[in-house]
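Here are some quick notes on this one, in numbered points. Have the viewer open while you read.

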Amino acid sequence: MNKLLWTLPLSVGIAAVVLAQQPPAKKGFGPGPGGPPDPATLFRFIDTNRDGKVDKREFANAPFTKSQPAGMADATFTVLDTNKDGFLSTAEFQGIAAVRGGPGRPGGNEPTQPQFATPKAATAAKTPERATSPEELAFFESKIRPVLVEKCYKCHATGEGNKVKGGLVLDTREGARKGGDSGPAVVPGDTKKSLILEAIRYAKNDLQMPPEKDGGKLSDAVIKDFERWIQTGAADPRTGGAVAKKEYDGLKAKDHWAYQPPKKSSVPAVKNTSWPRTDIDRFLLANLESKGLAPVADASKLTLLRRVYFDLIGLPPTFDEVNAFLDDKSADPLANVVDKLLASPQFGERWGRHWLDVARYAESTGKDVNTAYPHAWRYRDYVIAAFNADKPYDRFVREQVAGDLLPSASDKQKAEQLVATGFLAIGPRGLNEQNARLFYLDVADEQIDTLSQAFLGTTVACARCHDHKFDPISQKDYYALAGIFLSTDTRYGTAQGVQNRRPSELFELPKSASAPTFERTLTREARAGVEKQLADKRNELRGLFTPAPGQKGKGPQADNDPRRTLDRLRLLFETGQLESQLKQFDATTGEEKALAMGVQDLPRTQTSERTANFRRFAEGRIGGGRPDEFSAIADAALYTRGDASKPAEKVARAFPVALTHGTPSRIPTYASGRKELAEWLTAAGNPLTARVWVNRVWGWLLGEGLVDSPDNFGTTGGKPSNPALLDTLAVKFSEGGWSTKKLVREIVLSRAYQLSSAHDEKNHLADPENRLQWRMSPRRLDAEGVRDAMLHAAGQLDLKAPVGSVVALKGDFPIDGPNTAALGLSETQLNADTTHRSVYLPIVRDREPEVLDLFDFPDASLVTGKRESTSVPAQALFLLNSPFVADQAGSLANRLLRWQSSGVSADESAQLKERVNVAYWLTLTRPPSANESKAAQDFFAKFTGGKPASPALQAAAWTSYCRALFASAEFRQLN
Amino acid sequence: MNPTPPFPCQQFMPLLSRRAALSSVSCGFGWLAFSALAARAAAADKPLAPKQPHFTPRAKRVIFLCMSGGPSHVDTFDYKPRLVTDDGKPGSRPGSLWMAPKSEFKQRGKSGLWISDFFPNVAQHADELALLRSMQTDLPAHPQAFLRMHTGTSQFVRPSLGAWATYGLGTENENLPGFITIAPPNNVGGAQNYGSAFLPAIYQGTRIGTGNRFSGSQAQVKNLQPPGTPQAQRLELDLIQSLNREALARDPRNAEVEGVIESFELAFKMQSQMPTVLDLNKESDATKKLYGVGDRDTDDFGRKCLMARRFIEAGVRFVEVGSGNWDHHFNLSTQLARNCTSVDKPIAGLLTDLKQRGLLKDTLVIWGGEFGRTPYAQGNDGRDHNNKGFTLWMAGGGAKGGTSYGSTDDYGAEAVQDKVSIHDLHATILHLLGLNHEKLTFRYAGRDFRLTDVKGEVVKGVVG
């Protein structure tokens with residue numbers, strides 16, 4: 001074998017790979033910036049199954065060997081495989097750089113400076129191809145090119161006004177040969193592999209070109225021309241690159257700031273040394289000073305107190321708390337308040353709700369057949385408890401991803417960790433999906449989407465159908481993660497029903513875990529009755545699934561008797577309801593079981609879908625089996641263009657390459673990989689997890705994150721306004737034990753947090769968005785804040801946490817019921833007529849309680865790190881006219897009117913003044929101004945017509961007045 | 001890799017914040033300066049203010065008459081003589097039999113469109129109708145198909161067509177919401193069908209009643225009824241606004257306070273305007289009769305259609321009107337007849353009324369359901385779901401009257417010529433509204449989203 005012959009094209013091939021990964025701008029290919037990828041990077045590209053070694057097939061499929069003459073790849077492989085184990089290790093693969101080094105060093109035994117071909121060489125040594133005859137060229141020009149131009153370029157060309165659909169360009173030879181997402185369009189001499197022929201022949205349903213609306217199928221004569229053209233070698237004189245629009249530039253995007261591990265910076269020096277109180281202040285002030293700006297004045301004590309209360313516990317301070325603060329003569333009264341609030345159970349309710357926004361928490365499936373998740377509340381309570389206990393954030397992350405796989409010291413802990421995995425189970429879900437494979441792919445997709453945005457601020461799910469357009473996430477990365485979730489059994493419950501084709505099991509928490517329940521019972525007799533009913537109905541159902549007399553064809557699809565169909569649907573629903581009822585109670589004791597949503601690993605061996613369905617059918621239950629390939633722990637296939645019917649090669653379960661620093665644990669074949677994923681997410685080398693969390697916390701306290709797109713740290717997201725501060729906080733956070741409470745405390749006790757929200761013209765002009773934190777950004781109360789603060793002022797708020805939720809009490813059912821009033825939740829139930837804190841209101845997807853929905857509660861199907869803030873008339877109508885606000889205003893009015901009995905003063909006008917004063921403290925945490933007192937007096941005078949008012953009229957006047965305070969802009973503001 | 005500008009189409013820059021708007025102004029302040037500022041800021045974040053479309057629109061507004069359940073096309077708007085001749089012969093599904101239409105088809109108007117006697121009144125408007133006879137959707141299941149019809153996908157939570165249209169064009173009357181949906185079903189995807197998903201919440205549809213609980217005579221918008229007398233409320237509102245102005249005086253640069261002030265004035269106006277629009281007693285008896293209001297069979301849908309016209313006239317951009325129970329697995333001959341009767345006269349009345357008011361030329365009326373039904377029978381007198389071929393029609397607003405576009409096979413089982421997908425339909429509707437479906441985008445989670453995702457071709461054949 002003449003080594004000289006093959007080394008040259010191989011190295012050219014490498015250059016071609018490099019070319020394909022570079023932006024269009026031509027750069028030199030020597031070592032240095034803009035140079036080729038190093039062999040280690042190349043290795044990762046080639047190692048498609050991610051097992052850390054390259055086998056012959058992978059090597060042969062590498063872009064740079066693929067185009068080589070037959071046998072070349074094998075020969076090269078043999079040379080590189082120095083230990084002859086049939087695999088190339090990274091070290092062995094390094095040799096590829098040396099291949100170009102010249103004859104005599106094929107094995108790369110001597111370390112050599114890697115050299116790569118220059119672009120000139122690349123052009124000079126185009127893949128050798130048989131010379132084209134003039135006849136063949138003429139044929140192309142007369143028969144082929146015109147058709148391509150007329151019929152194909154519109155959607156498959158690089159020129160102005162054209163598109164590149166399916167990643168395919170047909171206006172260059174390279175483009176046609178390389179093909180699009182489905183594979184090469186033109187393979188010279190091979191009519192079978194040339195997809196363009198398959199497409200124009202309309203051979204398959206899903207690949208028919210040109211499409212109907214562009215004239216439809218070509219004439220047979222034209223199709224014959226194309227066949228002949230390809231058979232005779234597909235002569236094609238056209239030049240130009242293969243890909244017009246670069247879809248994926250992972251290597252470049254990998255340099256993006258967010259994918260580098262955070263580094264602590266030293267605290268910068270500042271000119272105004274007397275201003276800063278903490279290091280946070282120094283970072284911020286240095287930035288401001290560099291722009292010639294200075295922070296505004298500090299907030300007033302009362303403003304600050306109201307701010308801290310709402311930010312930390314979501315409630316305003318009580319009278320006593322205000323007084324205690326104002327009377328506190330210790331060195332740092334605010335620190336005392338902060339410590340008290342951090343230790344109060346209301347902290348977890350407020351901060352847990354922040355996380356529930358991110359975790360798209362809800363108690364129903366949403367989507368097509370909105371079905372209740374009666375056990376989702378356990379996850380809600382887990383989250384609240386985690387914040388109250390200041391569970392280290394890394395542990396919090398790990399438990400939600402893999403709590404079921406982590407060691408536990410007790411049943412209680414075990415149960416808690418299982419409930420944590422509810423994070424993966426509470427997502428929106430289309431239970432009526434007929435295509436089982438698509439259903440499970442969608443479940444995994446939703447998990448990947450939520451997990452990657454929530455923890456990593458990265459939109460990995462974009463890579464389901466193609467490599468991510470902007471971030472270094474390849475489609476392979478996506479399916480490497482998908483394998484982990486497809487190896488996971490997600491248990492979300494729901495009862496079988498008319499439109500629920502995909503009910504799942506739940507987990508039963510051990511009694512020893514003493515998880516709360518409603519403590520209902522199902523007596524033995526009652527149970528026997530339900531069992532009998534179920535058995536009867538199942539029998540009846542089985543009968544309806546066996547072919548009717550005289551029925552042609554098998555299965556219910558062929559059953560043409562409408563009455564039988566109707567009965568089937570009814571029985572499916574009824575048996576589902578009965579099953580769910582039985583499952584809720586212990587068969588022997590009759591006690592209510594503690595059921596929970598969550599995940600566990602699938603078994604290691606496959607069950608066939610048919611067998612599973614058959615077994616279920618024998619039990620009188622219908623369908624719902626997992627597709628064979630998703631019934632056990634396994635790597636997932638890459639689905640071409642995200643199409644569930646097009647599985648391609650398997651991708652080993654792994655973590656996104658570009659986000660991986662250091663060596664993550666290998667995922668064993670016998671486990672889903674969630675545990676390893678959880679470790680990877682919280683490992684020291686993970687560049688995102690700590691940063692994303694620190695940024696979220698900052699945003700929740702200051703109105704805007706240091707990165708203003710908290711769920712997207714990718715190349716399309718915002719840039720940090722103060723990178724050194726973000727990184728330093730992130731490093732300190734992870735090194736200091738991932739304590740959220742400590743982080744909150746540190747931020748709140750900074751002077752920056754305590755600034756007033758006053759306007760400053762100079763600062764405003766330089767930094768209108770307040771990204772540099774020259775003041776506190778004025779904010780609005782969130783929906784929970786609005787409701788809780790009204791209840792609080794009215795003296796109606798019940799601070800005790802309830803067990804469960806309204807949804808849980810109602811049980812397993814479709815939210816809107818199958819057109820019967822007996823099932824489903826009424827409008828009143830959905831709006832939860834309770835005085836508990838808003839975090840405990842039922843969160844049913846698409847049917848969120850009105851009071852929350854109106855005030856920008858996030859869409860519970862989407863990860864939300866930052867809520868909207870709108871002022872719309874529907875809010876005003878709610879405040880002016882709704883019974884809820886009227887009730888709270890009435891209660892507050894009562895409270896104020898009772899103030900009289902405390903006998904502050906007998907004088908009527910003094911009394912009115914006193915009540916107005918109290919009303920202001922209760923709603924706005926401040927006394928009224930002189931103008932406002934005057935406005936109140938005028939209001940009451942007008943309302944009562946200046947005459948002594950009857951008690952009823954007085955109550956009406958005060959109710960109206962209190963409602964006005966609730967409706968005022970200031971009530972909803974947080975300055 | 002082309003870096004995409006954050007808002008590729010400047011005119012659709014979403015909700016430029018007041019802060020951002022304020023930042024572009026550098027004068028000092030004082031009350032006068034502030035008023036000017038506030039006006040500018042308000043313009044910048046009045047998301048419902050009318051916006052310029054991409055090109056000259058044919059339609060300024062839309063009324064979507066949505067028949068949920070899947071109305072049968074082969075009994076109404078898709079004429080298949082083979083079904084008559086082959087009635088009772090084996091159909092395409094094993095064991096099934098073709099079933100002739102339950103109503104006779106006739107050619108109508110100058111255009112000679114074939115329409116069945118189930119729609120005798122609508123048929124009189126044949127020359128206004130553009131029939132899309134080659135509609136297809138991806139799944140024959142109600143929830144998925146219904147969501148797809150409204151949002152383009154059932155797989156993901158996405159904004160509804162009406163939300164996109166309102167986002168693109170704003171509305172002509174800021175005293176009313178831009179997108180109203182009358183009696184939408186609360187199953188089959190529920191609120192998602194008129195939701196705004198990641199678009200600003202202001203674009204979501206305002207629901208009036210729901211499918212199962214709504215009858216046309218009980219139309220309601222929540223919280224429109226003041227708890228006390230109008231005088232008492234005005235007094236209360238004056239107090240609220242005086243407190244707000246006080247707050248504004250303390251912090252003149254706080255544009256959010258200004259926003260609250262505005263929203264209360266608007267709400268107050270809505271309180272009076274909304275009931276007025278909803279009050280059908282303002283209409284003449286002749287008009288009510290035209291819509292079939294007062295007749296037992298047509299009263300409900302007639303009221304809804306009349307209400308839709310009143311909304312459109314008042315400046316609402318997109319009105320959807322729901323009619324349920326088109327899922328005729330059984331008793332097709334009687335039930336379908338009843339359904340058709342209940343909507344036929346009201347729809348014809350709507351078309352007549354719009355025309356005589358000069359509104360039809362720029363109001364796009366769409367009729368259709370989430371899919372069609374099988375040409376073969378289910379049982380003796382029913383038809384099953386059919387996603388592979390069905391008919392939908394458009395009238396007015398630039399739709400090419402008297403047209404039949406595309407076709408299904410000889411039996412109406414599957415679209416075979418000029419197939420139209422839901423994305424194509426959406427692209428066409430936006431096109432008629434003067435919006436390029438590829439340019440109407442919203443940036444969310446790092447990507448520019450479209451109603452039509454990466455697909456959709458305008459069906460030029462129905463554009464007049």
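1. Terms before anything else: a nonpolar core here is a set of buried Ala, Val, Leu, Ile, Met, Phe, Trp, Tyr and Cys residues joined through C-beta atoms within 7 Å. Buried means that 20 or more other C-beta atoms lie within 10 Å of a residue's own, exposed means 12 or fewer, and partly exposed is in between, with C-beta atoms placed from the backbone.

2. Housekeeping: this is a predicted model, where local features need pLDDT of at least 70 and side-chain atom pairs count only at pLDDT 80 or more, while totals for chains, interfaces and linings use all residues. Residues are numbered from 1 along each chain as its sequence is written, and chains are lettered from A in the order in which they are written.

3. The largest nonpolar core has 310 residues, and those touching the most other members are Val694(A), Leu65(B), Leu132(B), Val319(B), Val365(B) and Trp393(B). Helix α22 (residues 436-456) of chain A gives this core its largest share, 11 residues; helices are DSSP runs of H or I, at least four residues, and strands are runs of E, at least two, numbered from the N terminus.

4. Leaving out residues up to four places away in sequence, Trp393(B) touches Phe77(B), Leu129(B), Ala130(B), Leu131(B), Leu132(B), Trp367(B) and Gly368(B). Contact means C-beta atoms, placed from the backbone, within 7 Å.

5. On to the interface: 69 residues of chain B are in contact with 72 residues of chain A. On the chain B side, α7(B) supplies the largest share, 11 residues.

Conventions. Two residues are in contact if their C-beta atoms, placed from the backbone, lie within 7 Å.
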